Amino acid sequence: MSRIEVTEKIIATKVSKGLKWEDVAKKVGQSKEWTTALCLGQMTASPAQAKVLGKVFGLTAEEQKWLQVVPYKGSLPTSVPTDPLIYRFYELISVYGTTFKELIHEEFGDGIMSAIDFKMDMKREKDPNGDRVNIVMSGKFLPYKQY
């Protein structure tokens, strides 16, 4: 048994039951974005969250324990993503990464945006020219310290 096998079971059960991540998230009591990351093996569940997911996905007690293990984060199989949707995020960073960096440094100073103290919201934005994907990312600014 491994965390990857638990993730595969979760995905297979989601598909077979026709579940939506948003509905799973409501049962867990967290956002759909965080809950999806948890179910895909990128976050750590509390015992209570693992128990809820165990009921939703029919996980054994052992499988629920795997949800509580701190994962190895970063699950892409290659350094340059080949999935077209994920590649577009890579492309965004390739094109706009220096712009993000410059504007963040201008506004906040020398530091980084946290991926730990972070939240995200993804929603559909209706548009007569074709619906848009609206993603808002918010990470705490962490200044570099002088020592």
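How much of the chain over residues 75-147 is helix, how much is strand, and how far apart are the end C-alpha atoms? The points below take up that question and then turn to other parts of the model.

1. Basis of the note. This is a predicted model, in which local features need pLDDT of at least 70 and side-chain atom pairs count only at pLDDT 80 or more, whereas totals for chains, interfaces and linings use all residues. Residues are numbered from 1 along each chain as its sequence is written, and side-chain values use heavy atoms, with hydrogens and water left out.

2. The annotated domain. Over residues 75-147 the chain is 34% helix and 37% strand, and the end C-alpha atoms lie 34 Å apart; helices (H or I, at least four residues) and strands (E, at least two) are DSSP runs, numbered from the N terminus. In UniProt, an unreviewed entry gives these residues, 75-147, the annotation "domain: Cyanate lyase C-terminal". UniProt positions are given in the numbering used here, feature names are shortened, and annotations may be inferred rather than shown by experiment.

3. Under "active site", the unreviewed UniProt entry lists Arg-88, Glu-91 and Ser-114.

4. Surroundings of Ser-114. Not counting residues up to four places away in sequence, Ser-114 touches Gly-139, Lys-140 and Leu-142, where contact means heavy atoms within 4.5 Å. The side chain of Ser-114 also reaches the backbone nitrogen of Ile-116 at 2.9 Å.

5. The pairing of S1 and S2. Strand S1 runs antiparallel to strand S2 (residues 132-143), and eleven bridges join them; two strands pair if DSSP finds at least two bridges between them. Asp-121 stands opposite Val-136 in S2. The hairpin of S1 and S2 has six residues between the strands, and in this hairpin Gly-130 takes a positive phi near 125 degrees.

6. Salt bridges. The structure holds five salt bridges, each defined as a side-chain nitrogen of Lys or Arg within 4 Å of a carboxyl oxygen of Asp or Glu. One of them joins Glu-63 and Lys-9, with the closest N and O atoms 2.8 Å apart. Since Glu-63 lies in helix H5 (residues 61-66) and Lys-9 in helix H1 (residues 3-17), the pair ties together parts that are 54 residues apart in sequence. Glu-63 is buried, with a relative accessible area of 7%, whereas Lys-9 counts as partly exposed at 26% relative accessibility.

7. Two further salt bridges. Glu-33 pairs with Lys-32, the closest N and O atoms being 2.9 Å apart; Glu-33 counts as buried at 12% relative accessibility, and Lys-32 is partly exposed, with a relative accessible area of 24%. The side chains of Asp-131 and Lys-126 meet in a salt bridge at 3.6 Å, N to O, and salt bridges that share partners join Arg-124, Lys-126 and Asp-131 into one network.

8. Helix H4. Which residues of helix H4 (residues 47-57) are buried? They are Gln-49, Ala-50, Leu-53, Gly-54, Val-56 and Phe-57. These residues cover an arc of only 165 degrees around the axis, which puts them on the same side of H4; the arc is that of the directions from the helix axis to the C-beta atoms. The buried residues of H4 pack against H1, helix H2 (21-28), helix H3 (32-39) and H5, while the face turned away from the buried side carries the exposed residues Pro-47, Ala-48, Lys-51 and Lys-55. H4 is followed by Gly-58, whose phi is positive, near 65 degrees.

9. Thr-7 in helix H1. Thr-7 is found in helix H1 and is buried, with a relative accessible area of 10%. Leaving aside neighbours within four places in sequence, Thr-7 is in contact with Cys-39, Leu-40 and Gly-41.

Key. Polar contact = N/O pair within 3.5 Å; in protein donor to acceptor, adjacent residues only side chain to side chain. Buried < 20%, exposed > 50% of the residue type's maximum accessible area, 1.4 Å probe, protein only.
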